[in-house]
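User: I would like to go through this structure with you. Could you take my questions one at a time?
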There are 2 protein chains.
Amino acid sequence: MIAKRLRKSLDSAVCIRDIFEEGKKMAAVYGAENIFNFTIGNPSIEPPAIVNETLKELLDSEPALQLHGYPANVGFPEVRRHLAEHLNQKFGCAYTEEGIIMTSGAASAIAILSNTLLDQDDEVVTFSPYFWEYKNYVETFYGKLVPAACDPRTLQPDRSNLEAALSPRTRFVLINTPNNPTGAVYTEDSIRMVAEVLEAKQAEYGHPIYLVSDEPYRRLAYDMEVPYLTHYYANTIVVYSYSKALSIPGERIGYIAMEPTVADFDDLLAGCTASLRFLGYVNAPTLQQKLLLRCADVAVDTAIYKKTRDVLYEGLRKIGYTCNHPDGAFYLFVKALEEDDVAFCEKAKEERILLAPGAAFSGPGWVRISYCVSAETAERSLPGFARLYEKYRNRT
Amino acid sequence: MIAKRLRKSLDSAVCIRDIFEEGKKMAAVYGAENIFNFTIGNPSIEPPAIVNETLKELLDSEPALQLHGYPANVGFPEVRRHLAEHLNQKFGCAYTEEGIIMTSGAASAIAILSNTLLDQDDEVVTFSPYFWEYKNYVETFYGKLVPAACDPRTLQPDRSNLEAALSPRTRFVLINTPNNPTGAVYTEDSIRMVAEVLEAKQAEYGHPIYLVSDEPYRRLAYDMEVPYLTHYYANTIVVYSYSKALSIPGERIGYIAMEPTVADFDDLLAGCTASLRFLGYVNAPTLQQKLLLRCADVAVDTAIYKKTRDVLYEGLRKIGYTCNHPDGAFYLFVKALEEDDVAFCEKAKEERILLAPGAAFSGPGWVRISYCVSAETAERSLPGFARLYEKYRNRT
């Protein structure tokens with residue numbers, strides 16, 4: 001009796017959460033220390049102490065009825081103002097209070113923008129490989145997700161694939177850098193190329209194409225600056241989440257940021273406000289909103305993730321695996337040792353290594369390693385990876 | 001550039017939030033004590049002390065990474081188990097941990113169920129007058145909301161209107177008792193009638209029709225017990241929010257509850273889990289989930305609301321207004337003194353009284369008073385109501 005369209009997407013999905021749950025069961029049998037569960041991007045660094053301190057202070061100092069009461073749908077004015085000022089100072093932008101809309105994380109922001117911008121059969125372009133949930137955010141609102149494959153050698157956006165993916169029905173382009181699943185940070189050259197193509201297509205079609213920048217991993221970049229997209233393309237809408245920066249993914253807090261120069265700013269604001277209501281959000285949780293008055297610019301110590309990355313990247317390369325050097329997020333995209341990446345993931349389980357198949361991210365033939373584990377755990381996983389490699393070598 | 005279907009619903013909406021905001025501006029000009037803002041259902045009783053105490057205890061005692069980390073999409077197992085046990089004890093039900101799905105309040109639960117159950121043009125029946133947002137929750141997912149008017153004398157569901165509203169495309173019936181906007185508690189007789197009609201139609205159509213019971217006001221019933229609907233109709237899905245019971249509407253916490261005997265239980269569970277993801281919720285906020293381990297059965301002191309209700313109900317009746325005796329929620333549904341309830345609300349503003357027009361709730365010719373104000377404020381509003389009544393008497 002559930003909706004046919006929902007059943008269809010359930011049946012076709014490779015569910016990483018299922019593999020993750022399987023890993024937990026294996027941990028119960030073999031001991032957690034003997035299972036290498038690289039499936040889910042679940043932050044492993046403690047939230048900074050200021051998070052709990054601030055929450056307790058709020059509970060002690062704010063009148064409870066206001067703290068826990070209804071704010072405007074778009075959020076508390078003082079929080080929105082604070083975030084606008086923070087972003088302006090940090091990135092040299094021109095945000096105003098009005099252009100900051102508090103959301104329950106970045107996922108909710110993308111769903112809200114999909115509902116705001118898409119009529120039936122309207123299109124959203126994204127660069128593949130991409131986070132599997134993108135398709136669901138778009139199809140839930142009867143839109144279509146159109147992938148534009150990255151250059152497989154560099155995992156950077158590709159001009160001709162992007163041009164081919166765009167159409168007069170494209171309402172927005174969804175970009176994610178640092179990227180899940182590849183760990184790539186899109187270079188300034190890539191961003192300039194994307195902006196150039198979109199400017200030309202906007203002019204050709206005679207209507208705006210928004211660039212929606214999904215940035216939950218912005219603070220997790222190790223070797224380079226992540227370009228701030230509003231500087232390259234005026235019709236950029238930034239979507240942010242504190243899940244990874246503060247290690248609080250369960251708390252669901254983030255925002256949508258639009259500079260007042262974004263096309264149809266007032267309509268977008270009205271549409272997002274309505275979507276917050278129509279999707280049942282009403283508002284982002286109030287306690288988590290107020291947390292940002294002190295934690296807007298706080299981040300976990302990413303040196304820990306970086307150390308793990310180095311262990312895995314260097315260890316896997318030494319064994320013989322092919323992988324790009326990941327500059328951000330906590331993902332490593334590795335070439336599977338056979339064409340069928342799902343079969344390869346099954347084979348890896350023999351070594352008690354759990355991986356996410358690239359097929360789930362429209363990146364078949366590859367696997368994603370979520371390296372939000374300790375460097376020590378990563379180190380201990382390497383002999384298993386070596387044995388796996390040997391098994392395939394002995395096959396041919 | 002926003003979606004045409006969204007623009008359509010924005011343009012047609014009578015926005016109570018706008019009147020509420022206007023009231024805040026009037027308060028700034030005339031002084032808050034001289035404005036009687038009865039527009040929004042914003043709890044006015046302090047949250048019970050145990051709310052903040054529990055939150056602080058959680059922050060002090062739980063490992064931060066787990067407390068703020070990703071739970072399963074449907075919520076923490078221990079919270080779901082606790083709520084199942086609480087409901088079983090309180091209402092004699094047979095809930096299991098699996099049948100409790102943690103949501104960001106009741107609004108989110110209805111959106112999730114709409115996405116789970118509706119294909120394009122599928123129908124949802126609700127009893128009118130109804131909470132204006134219902135139409136939006138359904139239309140966002142390309143469904144249709146079909147109203148079944150209550151008996152205007154009693155504000156109870158009407159058998160022939162319900163029968164006429166149902167069709168083979170009806171996926172669920174949305175029921176809200178105690179009711180927003182009328183304050184009516186649907187009687188046991190009404191519930192038996194609804195169950196009887198639905199059983200017959202299920203048999204006729206050969207597929208389940210769910211009864212979705214939206215219960216944010218269950219704990220706000222003053223003179224009678226609110227029947228628990230699972231006892232009357234097996235295919236009942238209960239939707240609950242702690243917004244009003246704990247006076248924490250900004251925190252967005254509630255649940256969906258389904259007994260294992262509900263038709264297609266496993267499919268519903270899979271569908272709701274997927275919808276939590278596809279709508280961008282991922283999970284209900286974790287801190288607020290854990291709060292319920294101690295506050296599942298706590299409620300504000302409703303005697304305060306009851307006192308205000310009595311002042312207004314008796315005061316308005318004495319002046320000459322027509323209104324039903326409201327047994328629950330914090331709403332009073334009053335007959336407007338002219339046919340055009342929007343014009344009547346405008347006229348009331350001359351007395352600095354802000355009301356919500358019934359047209360917004362598919363109850364034209366009436367107005368809704370949200371009486372979540374102090375009894376003293378209610379008392380002071382009565383002379384204005386009396387002058388308003390006199391103005392209309394002098395007209396004819």
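User: Over which ring does the charged end of K290(A) sit?
Analyst: The charged end of K290(A) sits over the ring of F76(A), 4.4 Å from its centre. A charge counts as over a ring if NZ of Lys or CZ of Arg is within 6 Å of the ring centre and within 35 degrees of the ring normal. In chain B, K290(B) lies over the face of F76(B), at 4.4 Å from the ring centre.
User: What should I know about the model and its numbering?
Analyst: This is a predicted model, in which local features need pLDDT of at least 70 and side-chain atom pairs count only at pLDDT 80 or more, while totals for chains, interfaces and linings use all residues. Residues are numbered from 1 along each chain as its sequence is written, chains are lettered from A and ligands numbered from 1 in the order in which they are written, and side-chain values use heavy atoms, with hydrogens and water left out.
User: What rotation superposes chain B on chain A?
Analyst: A rotation of 180° with 0.0 Å of shift along its axis does so, with an RMSD of 0.0 Å (least squares on C-alpha atoms of residues with pLDDT of at least 70 in both copies). The two copies are thus related as by a two-fold rotation axis.
User: Which residue of chain B comes closest to that axis?
Analyst: That is K56(B), whose C-alpha is at 3.0 Å.
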